[in-house]
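Please examine the model below. The questions that follow treat its fold and selected residues in turn.

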Amino acid sequence: MLWFLFVFNLAVAVVAPFAVDGTRGVLTCVGLGAVALGVGVSLLRTPRRPA
């Protein structure tokens, strides 16, 4: 689930400035980029479970 959240937020953060004009696009990019960054850090810090 964290991988989906990471990839989705990162993709929207990359596309937002091109899809939405002005300040709203930039703030969307920054906000979702921060969420993606937080999830990415969480993925790196979470210990892997044995298969």
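Q: In which helix does V12 lie?
A: This is a predicted model, in which local features need pLDDT of at least 70, side-chain atom pairs count only at pLDDT 80 or more, and totals for chains, interfaces and linings use all residues. Residues are numbered from 1 along each chain as its sequence is written, and side-chain values use heavy atoms, without hydrogens and water. Helices are DSSP runs of H or I of at least four residues, strands are E runs of at least two, and both are numbered from the N terminus. On that basis, V12 belongs to helix α1.

Q: Is V12 buried, partly exposed or exposed?
A: Buried means under 20% relative accessible area, exposed over 50% and partly exposed in between (1.4 Å probe, protein chains only). The relative accessibility of V12 is 27%, so this residue is classed as partly exposed.

Q: How many helices and strands does the chain have?
A: The helices are α1, covering residues 2-19, and α2, covering residues 22-45. The count for the chain is therefore two helices and zero strands.

Q: How are α1 and α2 oriented relative to each other?
A: Helices α1 and α2 pack with their axes 8 Å apart, at an angle of about 155°. Axes are lines fitted to C-alpha atoms over the stretch in contact, and angles run from 0 to 180 degrees between N-to-C directions. Angles over 145 degrees count as roughly antiparallel, under 35 as roughly parallel, 65 to 115 as roughly perpendicular and the rest as oblique. The pair α1 and α2 is therefore roughly antiparallel.

Q: How many residues of the contact of α1 with α2 are nonpolar, polar and charged?
A: Contact means heavy atoms within 4.5 Å. Helix α1 contributes residues including L2, W3, F6, N9 and L10, while α2 contributes T28, C29, L32 and G33, among others. Ala, Val, Leu, Ile, Met, Phe, Trp, Tyr, Cys and Pro count as nonpolar, Asp, Glu, Lys and Arg as charged, and the others, Gly among them, as polar. The contact divides into 15 nonpolar, six polar and no charged residues.

Q: Which residues does F6 touch, not counting residues up to four places away in sequence?
A: F6 is a residue of helix α1, and its relative accessibility of 21% makes it partly exposed. Its C-alpha atom is separated by 9.6 Å from that of L32, 26 residues apart along the chain. Beyond its sequence neighbours up to four places away, F6 touches A36, V39, G40 and L43.

Q: What is the relative accessible area of G25?
A: G25 is placed in helix α2. Leaving aside neighbours within four places in sequence, its contacts are A16, P17 and V20. The C-alpha atom of V15, ten residues apart along the chain, is separated from that of G25 by 8.9 Å. G25 counts as buried because its relative accessible area is 0%.

Q: What is the relative accessibility of L10?
A: L10 is part of helix α1, and its C-alpha atom and that of R24, 14 residues apart along the chain, are separated by 17 Å. L10 counts as partly exposed because its relative accessibility is 39%.

Q: What radius of gyration does the chain have?
A: The C-alpha trace spans about 45 × 15 × 10 Å along its principal axes, and buried residues make up 16% of the 51 residues. For a compact globule of 51 residues, the radius of gyration would be near 10 Å, but the chain has 13 Å.

How values were computed
The radius of gyration is taken over C-alpha atoms; the globule rule is 2.2 Å times the number of residues to the power 0.38.
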